[in-house]
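Thanks, everyone. I have one structure to show today, and I will keep to two parts of it.

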Amino acid sequence: MSDRKMLVAMSGGVDSSVAALLVIKNGYSPIGITMKLYDNEQAGMKDTKTCCSVKDVDDARAVAVRLGFPYYVVNFKEGFKEKVIDKFVRTYLDGATPNPCIDCNRYMKFGALKERAEEYGCEKIVTGHYARVVYNEELGEYCLLKSVDTSKDQTYVLYFLNQEQLSYLYLPLGDMTKDEARVLASEAGLINSDKPDSQDICFVPDGNYARVIEEVLDRHIGEGDFVDKEGNVLGKNKGYYHYTIGQRRGLGISAAEPLYVIEIIPETNTVVLGSDDDLFTDEVRAAEWNFINKCDAEKDELRVTAKIRYRAKEASGILTKEESGIVKVHFDQPVRAVTKGQSLVAYDGERVVGGGIII
């Protein structure tokens with residue numbers, strides 16, 4: 001293999017495995033690394049699956065053996081509890097709904113991995129994300145672009161990247177579809193070519209967010225009230241952090257018309273219910289905003305499309321900046337179920353303008 005090396009973050013899944021394969025096809029030598037991010041006890045678990053599971057580690061190692069490159073499992077637990085798990089819990093307790101995968105990418109994968117890449121003498125960090133990094137000669141900057149496979153595009157979880165990070169990031173899957181990636185894996189005889197995609201948050205493998213919150217806190221907040229917009233009590237909730245904006249199922253409230261969660265009030269452990277019409281708004285504000293390119297940061301107003309959650313459709317609107325640093329998007333048409341704690345991500349065509357945390 002080549003003396004030029006790239007560090008490949010491997011989850012045990014097909015995407016990161018094909019990313020390593022493409023590194024070889026492009027004339028470089030991969031070094032595989034799986035990040036051990038936490039102990040079960042850190043996430044309030046006694047003996048359930050961990051990130052990555054033993055099976056995931058075995059699959060990643062098998063791919064490395066098959067393709068003939070070194071592979072390591074490295075302890076990255078320091079900081080993960082504080083920056084990802086504890087923030088996840090705090091966000092729910094604030095009445096918001098977090099996206100811990102974005103925090104993991106921001107603080108762990110594109111933070112802690114850089115140091116390890118330098119230690120191993122690697123030129124680039126490689127991941128299996130479906131997105132593209134392109135240097136724009138006219139702008140004199142790197143741009144983050146949507147994946148060719150728009151159904152798998154993951155730019156929403158990468159909006160925080162800066163120019164330095166983009167300069168050493170290689171995303172080889174951005175120019176192909178998921179089906180094409182699986183074909184490559186199968187042709188190379190990789191053990192995980194047909195492995196299903198992971199759906200759950202790594203430290204909440206059973207999907208029970210409330211359990212993680214209560215076990216990390218070591219206490220149960222208890223029941224509160226469901227109320228309508230006028231404050232009339234409609235019933236009892238299980239604790240406000242069990243719910244998210246737009247939720248309809250699992251409320252246990254009988255009513256003539258469908259009811260949805262439209263507001264969460266942590267201070268009084270209250271969940272406000274209303275109609276579907278109450279979920280629409282045409283203005284969204286976000287903090288901690290990151291502009292990827294100077295050409296956008298220097299403008300007072302931008303015509304963009306934007307997403308208010310990972311699976312949401314893009315909607316068009318006008319982006320403006322407030323003096324406080326808050327960014328606001330005024331949508332042409334109202335958007336549904338805007339949720340504090342999720343990310344607002346803006347685009348100019350296929351290029352990511354930037355993003356921030358919805359407030």
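I will go through a sheet with its helices, and then a pocket. Please keep in mind that this is a predicted model.

The sheet first. Strands of a sheet pair through backbone hydrogen bonds, either parallel or antiparallel. Here five strands are arranged as β3-β2-β1-β4-β7, the sheet is open, and the pairing is parallel. At the edges sit β3, residues 71–75, and β7, residues 169–170, each of them pairing on one side only.

Strand β1, residues 5–9, runs parallel to β4, residues 122–126, and four bridges join the two. Which residue of β4 is the bridge partner of V8? That partner is V126.

Helix α2, residues 54–67, lies across β2, residues 29–36, and β3, and runs at about 145° to β3.

Rolling a probe the size of a water molecule over the atoms shows where empty space is left. The second largest pocket holds about 340 Å³ of space. Its lining has 18 residues, and those closest to the centre are I245, V338, T339, K340 and I359. Two elements give two or more residues to this lining: β10, residues 260–265, and β12, residues 280–291. Which of the elements gives the most? Strand β12 does, with five residues.

Notes
Residues numbered from 1 in each chain as written. Predicted model: local features only at pLDDT ≥ 70, side-chain atom pairs only at ≥ 80, totals over all residues. Heavy atoms only, no water. 1 Å grid on protein atoms, 1.4 Å probe; cavity = no way out; pocket = protein on both sides within 12 Å on 5 of 7 lines; lining within 4 Å. Points joined across faces, edges and corners; volume = space filled by probe spheres on them. Pairing = 2+ DSSP bridges. Contact = heavy atoms within 4.5 Å. Axes fitted to C-alpha atoms, helices over the stretch in contact; angles between N-to-C directions.
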